[in-house]
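Colleague: I'd like a close look at one helix pair in this model, and then a tour of whatever surrounds it. Could you take me through it with the cut-offs spelled out?

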Amino acid sequence: MFFLGFLTGGVTTMTPFLRKFFRKVWEKKEADKSSNQYCQYDSQTLTMFTSSLYLAALLSSLVASIVTRKFGRKLSMLVGGLLFFAGALINGFAKAVWMLIVGRMLLGFGIGFANQSVPLYLSEMAPYRYRGALNIGFQLSITVGILIANVLNYFFAKIKGGWGWRLSLGGAMVPALIITVGSLGLPDTPNSMIERGQTEEAREKLKKIRGVDDVDEEFRDLVAASDASKLVEHPWRNLLQRKYRPHLTMAILIPFFQQLTGINVIMFYAPVLFNTIGFGDDASLMSAVITGVVNVGATLVSIYGVDKWGRRFLFLEGGVQMLICQAVVAACIGAKFGINGNPGDLPKWYAIVVVLFICIYVAGFAWSWGPLGWLVPSEIFPLEIRSAAQSINVSVNMLFTFVVAQVFLTMLCHLKFGLFLFFAFFVVLMSIFVYYFLPETKGIPIEEMHQVWKSHWYWSRFVKDFDYPNGGMEMSKGGQGPKNV
């Protein structure tokens with residue numbers, strides 16, 4: 001998922017790009033026709049360019065669910081890489097806005113497939129003791145992509161002739177080729193192979209993954225789990241069953257809350273935001289590079305701590321950290337920009353304070369809701385509903401990413417500094433939700449995850465012992481079979 005991060009920010013502040021495709025925005029920005037800094041970039045065409053990617057990802061994730069279940073996680077990743085490559089190619093050679101939007105939509109189709117398959121692949125292949133750290137590698141690749149894109153945009157913006165934006169957009173072909181070629185060399189998960197009837201091939205693959213010949217016990221457990229899942233004829237309809245109520249709730253609310261942390265406001269439009277608070281074009285891109293470094297560093301902290309401190313601790317600590325930073329940033333911007341959006345002379349120390357608290361905010365997100373928003377949903381679904389539930393998770397995530405990206409600049413223009421308080425309100429809500437309704441999933445095998453629901457003060461009324469009479473199984477390290485909780 002390196003390529004998802006590669007798409008964020010940067011190009012929307014490059015003057016040649018704005019002048020060619022979004023002239024009204026460029027006129028307001030360069031000709032100073034608007035002194036209201038809040039509304040400088042308010043353009044539905046500009047935001048449609050950005051957010052069309054997420055609408056396409058939403059639609060493709062529904063199809064990707066079927067492909068992932070029937071043809072395997074590996075093929076779904078391959079399709080995602082090919083679609084992404086096509087989108088990057090079109091964007092790099094774009095001559096008109098419609099080509100930009102078509103290219104972005106192809107990129108979105110690719111992301112829908114990859115978001116569906118990669119978290120499932122990681123969760124199924126990883127031993128339960130290391131599932132959290134390995135799965136967060138998914139989020140780490142996104143943050144590294146963001147950092148590299150911001151660094152490249154910083155240098156591309158300096159290219160004479162004003163064509164650096166083509167490299168920024170077309171450069172996404174490189175990570176697209178990486179995931180396309182990489183998916184050809186990856187083994188498919190034994191879970192998926194058994195699910196598709198490739199029983200003997202799955203046994204050999206399991207031996208190769210584990211590095212031992214004695215995998216009989218674990219293999220029987222995987223076959224039993226697959227046989228149970230095949231009894232489920234309509235996984236989408238089954239999601240509505242009472243025993244899957246906690247899973248469905250998490251599949252909807254976790255990605256919903258993840259997008260309403262306000263992180264996309266910071267990361268997708270970081271150069272715009274820093275330009276708005278007084279930085280020049282180059283300085284704004286450099287500031288985005290700084291936040292990108294913080295993002296990567298904090299994600300590494302999450303990889304270290306998720307299987308030591310637990311999911312709930314990181315969720316709650318990150319929520320408090322983001323809340324404080326949002327309040328401070330809102331106060332700083334409100335004090336200088338006021339209601340009319342005209343800051344006058346902007347002291348350098350002021351801009352530095354805003355960037356500092358934005359970096360602390362990014363760190364809070366990057367070791368909590370960023371990686372855990374993908375990890376927790378991917379590890380709580382039983383095999384029989386896993387593809388369908390993950391599809392809902394991706395769809396909700398992309399739907400609200402689209403909504404936030406589409407309305408952000410308009411909201412900034414109308415809510416002004418109050419926009420940060422708007423997202424702070426949701427940070428309070430999501431922290432309360434985690435505290436009361438999300439059980440700890442650290443160290444619990446995927447196929448035994450029903451135990452956490454049965455012992456929870458609220459979800460136990462929906463999940464009973466007779467719903468899982470045979471217990472559960474999961475791939476474990478070294479062919480040692482499942483762990484019972």
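When helix 20 passes helix 21, is the crossing right-handed or left-handed?

Modeller: Helix 20 passes helix 21 in a right-handed crossing, meaning that the near helix is turned clockwise from the far one by less than a right angle, with anticlockwise giving a left-handed one. Keep in mind that this is a predicted model, where local features need pLDDT of at least 70 and side-chain atom pairs count only at pLDDT 80 or more, while totals for chains, interfaces and linings use all residues. Residues are numbered from 1 along each chain as its sequence is written, and side-chain values use heavy atoms, with hydrogens and water left out. The helices are DSSP runs (H or I, at least four residues; strands are E, at least two), numbered from the N terminus.

Now the geometry of your pair. Helix 20 covers residues 369-380 and helix 21 covers residues 386-415; they pack at about 155° with their axes 9 Å apart (axes are lines fitted to C-alpha atoms over the stretch in contact, and angles run from 0 to 180 degrees between N-to-C directions). That angle makes helix 20 roughly antiparallel to helix 21 (over 145 degrees; under 35 is roughly parallel, 65 to 115 roughly perpendicular and the rest oblique). On the helix 20 side, the contact (heavy atoms within 4.5 Å) is made by Gly373, Trp374, Pro377 and Ser378, and helix 21 brings in Gln390, Asn393, Val394 and Asn397. By class, that comes to three nonpolar, five polar and no charged residues (Ala, Val, Leu, Ile, Met, Phe, Trp, Tyr, Cys and Pro count as nonpolar, Asp, Glu, Lys and Arg as charged, and the others, Gly among them, as polar).

Leu375 sits 8.7 Å from Arg131, C-alpha to C-alpha, though the two are 244 residues apart in sequence. Arg131 belongs to helix 7 (residues 131-156) and is buried at a relative accessible area of 0% (buried is under 20%, exposed over 50% and partly exposed in between, with a 1.4 Å probe and protein chains only). Likewise, the C-alpha atoms of Ala405 and Thr50 are separated by 7.0 Å, at 355 residues apart along the chain. Thr50 is in helix 4 (residues 44-71) and counts as buried at 8%.

Thr249, Met250, Leu253, Phe256, Phe257 and Gln259 of helix 14 meet Phe423, Phe426, Leu429, Met430, Phe433 and Phe437 of helix 22. That contact divides into ten nonpolar, two polar and no charged residues.

Zooming out, the protein chain has 23 helices and zero strands, and 60% of its 485 residues count as buried. Of the contacts with a separation of 6 or more, 80% involve residues 24 or more positions apart.
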